[in-house]
Amino acid sequence: MDSNVQEHAEGQDDYSLDRVPREERKMGWLSITNITFGIATAIFYFQTGSVMALQFGAVNAIISAVYAIIVAGILGTVIAYLSAKSGMNVNLLSRSGGFGYIGASLTSLIYASNFIMYCAFEGLILVAAVHTFFPSIPEWALIIFFGLLVIPLNWFGIKQLDKLQKWSLPIFLVFLLVTIIVTFNTPSGYDSAFWTYLPEGVQVGGAALLLCIGMQHGIMGLTALLASDYARFLKPKDVKLGSVMIGFIPQIFCFGVMGGLGIWFGVRLGESNPGVYIVLLLGFGGVMFTLLTQLRINITNIYSGSLSLSNFFENIFNFTPGRRFWIVVTALSAIALMLGGIVDHLGTAMTFQGVFLLAWAAVIVADAMIVKKWLKIGPLFYEARQEYLYRWNPVGVVALVISSGLGTFAALGYIGPFLQNTAAFFAAVLAAILTVVLAALTKGKYYMKTEPTDVDIEDHIATRSGK
């Protein structure tokens, strides 16, 4: 059955297996940006800012936040633009964007595992906060309850997500404002201005700054790539402005506002765990604040994870039970990770995910902006249907394997301290270079077996004439 027909037969409009038709791209950039705020408002960013400030100094944490906004914002803008132009998310873009349809399925599986992992981590933050107030309830019971709760909240797809995020955002902002006011009126554990805080023996710049940047890399690739799951529904007339807004506004909020407040909270309260200091500040209100933020982020995690799993199993096994089936699988997988103690391996998992996701984003961006638009190699549009594609394209597959492999090797400290803390950025630059070189060497041979004639010219990202 055609994937579009299948989606409508299920009463869904999420197009997990093919491009969103132009007539179905009806969402404004403000609605889409609001959905992406689900991840931008996670208290995970409080924790990152607090940890960096207390360990490496406030100035180093602030500089790394500016770096994250710029790099993730640029990547997010380009990826949002490609998604909006083509009507596809990064899983589908990858098929004719350098990977082939089997090669792209492997990125989809790792991408899905990323969302499942973060869903588990964010869920455990919520479980810890609730368990603090209700210690009589076993943690395993809370894990199962909150793990299952995100299933009905995702059942009706993109439109349901838009409503949930839209109506919960004002409540979040009220909680955030109250937290800021209470913190401001709480005696500070540090006498000077918070941005001057510097632990003993730590300097501004140097190793401390690199360590902060390394921590940012663990999430930057995710926030940039995530935009594509929603930007594909953007109104065609809003593509240019909307891509910039979708690409930058969430980055400014998560790394700048949330991360910046985390720096302030951490220095002022002398505590790095927001699950501790928010509850201490607001009591039961802190539990409710945590509940709100964690549900907001986990419905986006479940949504994106379900899309990626749907792509993987359709490509490899031709198994297409529908997105709702994968919502359940994603949620149950996250519950299993929570029960299995995923937090014990969080550092290792985030290191690899940061390297892989930034490298993958770099391949997509280099393929689009240099290979397709500038060098005019291969098709100047995106295609997801298997009958037109090769199973493997060495351009993206080889570039990603080499760059993420060397990046992981560097992140483990085998190539020196500088590359250890800039491993994800190193992998991204290497991935972009390899993508261009391999595309030139193969002359675009493995992008498509045959070119379809039914792709709207408005969905092309470039033309042969350069216009």
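**Salt bridges, rings and surface**

Modeller: Let's start with a contact. R22 and D459 form a salt bridge through their side chains, 2.8 Å from N to O. Keep in mind that this is a predicted model.

Colleague: Where do R22 and D459 sit in the chain?

Modeller: R22 is in the loop between helix 1 (3-9) and helix 2 (29-40). D459 is in the segment after helix 17 (423-442). The pair links distant parts of the chain, 437 residues apart.

Colleague: Is D459 buried or exposed?

Modeller: D459 is buried, at 3% relative accessible area. R22 is partly exposed, at 25%.

Colleague: How many salt bridges are there in the whole structure?

Modeller: The search finds nine. Another one joins D454 and R385, with the closest N and O atoms 2.8 Å apart. D454 lies in the segment after helix 17 and R385 in the loop between helix 14 (346-372) and helix 15 (394-411), so this pair ties together parts 69 residues apart in sequence. D454 is partly exposed, with a relative accessible area of 49%. R385 is partly exposed too, at 23%.

Colleague: Which residues join D459 in a network?

Modeller: R19, R22 and R25. Salt bridges with shared partners connect them and D459.

Colleague: Switching to the fold. How many helices and strands?

Modeller: The protein chain has 17 helices and zero strands. Buried residues account for 60% of its 467 residues.

Colleague: What is the radius of gyration?

Modeller: It is 22 Å for the protein chain. A compact globule of 467 residues would have one near 23 Å, so the two agree.

Colleague: Now aromatics. How many pairs?

Modeller: There are 32 aromatic pairs in the whole structure. One of them is F44 with F121: ring centres 5.5 Å apart.

Colleague: Why is the pair of F44 and F121 called edge-to-face?

Modeller: Because the planes of the two rings are at 90 degrees. F44 is in helix 3 (residues 44-56) and F121 in helix 5 (residues 90-133), 77 residues apart. Both are buried.

Colleague: Which residue lies over the face of F184?

Modeller: R268, at 5.7 Å from the ring centre. The charged end of R296 sits over the ring of F172, 5.8 Å from its centre.

Colleague: Last one, the surface. Which residues make the nonpolar patch?

Modeller: I62, V66, I70, I74 and W195 make a patch of about 460 Å². W195 is in the loop between helix 7 (157-184) and helix 8 (206-226).

Key
Residues are numbered from 1 along each chain as its sequence is written. This is a predicted model: local features need pLDDT of at least 70, side-chain atom pairs count only at pLDDT 80 or more; totals for chains, interfaces and linings use all residues. Side-chain values use heavy atoms; hydrogens and water are left out. Patches are made of residues with over 30% relative accessible area and no salt bridge: like charges are joined within 9 Å, nonpolar side chains (Val, Leu, Ile, Met, Phe, Trp, Tyr) within 5 Å. Accessible areas come from the Shrake-Rupley method with a 1.4 Å probe; for residues, only the protein chains shown count as cover. A salt bridge is a side-chain nitrogen of Lys or Arg within 4 Å of a carboxyl oxygen of Asp or Glu. Helices (H or I, at least four residues) and strands (E, at least two) are DSSP runs, numbered from the N terminus. Rings of Phe, Tyr and Trp (its six-membered ring) pair if their centres lie within 6.5 Å; planes under 30 degrees apart count as stacked, over 60 as edge-to-face and the rest as tilted. Buried means under 20% relative accessible area, exposed over 50%, partly exposed in between (1.4 Å probe, protein chains only). A charge sits over a ring if NZ of Lys or CZ of Arg is within 6 Å of the ring centre and within 35 degrees of the ring normal. The radius of gyration is taken over C-alpha atoms; the globule rule is 2.2 Å times the number of residues to the power 0.38.
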